[in-house]
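The text goes with the display below.

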Amino acid sequence: MKGGNNMLNFCCPVCKEELKLDGRTYRCINNHCFDCAKQGYVNLLQSNKSKSKRHGDDKLMIEARTEFLNTDSYKPLCDLMCELLQKYIPQNACVLDAGCGDCYYTEKIEKALADKNASIAGIDISKFALIAAAKRSKNIRLAVASVFALPTADFSCDAVLNVFSPFAPEEYNRVLKRGGVLLRVIPLENHLFSLKKAIYDNPLKNPEESTEIDGFILAESKELKYSITLDDNREIESLFKMTPYYYKTSRTDQQKLEKLNSLTTEIEFCVLVYKKL
């Protein structure tokens with residue numbers, strides 16, 4: 001793991017003091033301790049503050065996402081994100097991926113920002129996501145936590161990433177330094193529309209999302225539109241299972257994909273770069 005003055009440290013979820021890593025244990029000045037799991041992440045989610053028995057994406061969704069993303073079908077998006085971060089973040093930056101999933105994007109961003117000596121950390125509410133994430137890089141600090149209670153100090157981050165994860169602008173504002181960067185990725189209206197047409201009788205396009213965020217100014221916006229062709233049923237199923245649609249779809253509609261061996265579908269993203277006021 002990276003060291004130095006730019007280390008992005010986690011904070012204790014109990015008392016909010018900085019956590020220091022001692023061997024395989026995170027410890028704060030008040031002696032609250034959190035052991036790292038054998039896979040390399042630390043659990044900072046306070047279960048008494050969550051009423052849900054299921055936290056974040058389950059094992060099936062994470063396995064499907066990892067399998068699909070490993071095809072590099074979304075690599076153009078990752079390349080664009082790396083390009084924009086290179087442009088906007090300073091040397092020795094602290095970068096937090098708030099909802100990092102299996103760290104497909106995070107790991108590539110870490111490599112792209114190596115010349116900037118960036119410190120990278122990722123949080124996700126799903127332990128299954130972080131088990132997969134830990135396999136991608138040993139240089140990214142990982143914690144189970146909610147994006148609505150980020151385990152980092154006020155004004156500790158130069159950049160926060162929000163990539164298809166729950167949106168928590170107040171927390172981004174809190175942890176970002178003045179002039180810090182929020183990089184947000186949202187789907188455009190036709191994203192995966194042909195996949196939807198293969199499943200649903202009356203598919204709906206994605207609703208348009210507002211790009212205004214209180215406390216931030218939009219510095220740059222770039223759209224990315226292309227198509228992908230999947231010639232393997234397993235890849236088609238993985239794409240479907242990594243989306244929220246899978247859990248909202250009837251078994252009858254799910255079965256429509258089981259014999260589909262080729263699919264061409266639209267990929268449409270908008271990457272937004274905001275600066276904190």
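E67 is partly exposed, since its relative accessible area is 29%. In this predicted model, the side chain of E67 forms a salt bridge with that of R234, with 2.4 Å from N to O. The pair ties together distant parts of the chain, as R234 belongs to helix α7 (residues 233-241) and E67 to helix α1, 167 residues apart. R234 has a relative accessible area of 56%, which is over the 50% cut-off, so R234 counts as exposed.

A second salt bridge joins R174 and E171 at 2.8 Å, N to O. Both residues sit in helix α5 (residues 169-175), three residues apart, or about one turn of the helix. R174 is partly exposed at 24% relative accessibility, while E171 is buried at 14%.

K222 and E220 also meet in a salt bridge, at 3.9 Å from N to O. Through shared partners, salt bridges connect E83, K87, E220 and K222 in one network. The count of salt bridges comes to 18.

Next comes helix α3, which spans residues 104-112 and has Y104, Y105, T106, E107, I109 and E110 buried. The elements that these buried residues pack against include α1 (59-69), α2 (75-88) and β8 (157-163).

The largest pocket holds about 930 Å³ of space. Its lining has 38 residues, and R65, V163, F164, S165 and P244 are the closest to its centre. Helix α1 gives the largest share of the lining, three residues; α1, α3 and β6 each supply at least two. By type, the lining divides into 22 nonpolar, eight polar and eight charged residues.

Key. Residues are numbered from 1 along each chain as its sequence is written. This is a predicted model: local features need pLDDT of at least 70, side-chain atom pairs count only at pLDDT 80 or more; totals for chains, interfaces and linings use all residues. Side-chain values use heavy atoms; hydrogens and water are left out. Buried means under 20% relative accessible area, exposed over 50%, partly exposed in between (1.4 Å probe, protein chains only). Helices (H or I, at least four residues) and strands (E, at least two) are DSSP runs, numbered from the N terminus. Contact means heavy atoms within 4.5 Å. On a 1 Å grid over the protein atoms alone, a cavity is a set of points where a 1.4 Å probe fits but cannot get out, and a pocket is an open set with protein on both sides within 12 Å along at least five of seven lines; lining residues have an atom within 4 Å of a point. Grid points are joined across faces, edges and corners, and a volume is the space filled by probe spheres set on the points. Ala, Val, Leu, Ile, Met, Phe, Trp, Tyr, Cys and Pro count as nonpolar, Asp, Glu, Lys and Arg as charged, and the others, Gly among them, as polar. A salt bridge is a side-chain nitrogen of Lys or Arg within 4 Å of a carboxyl oxygen of Asp or Glu.
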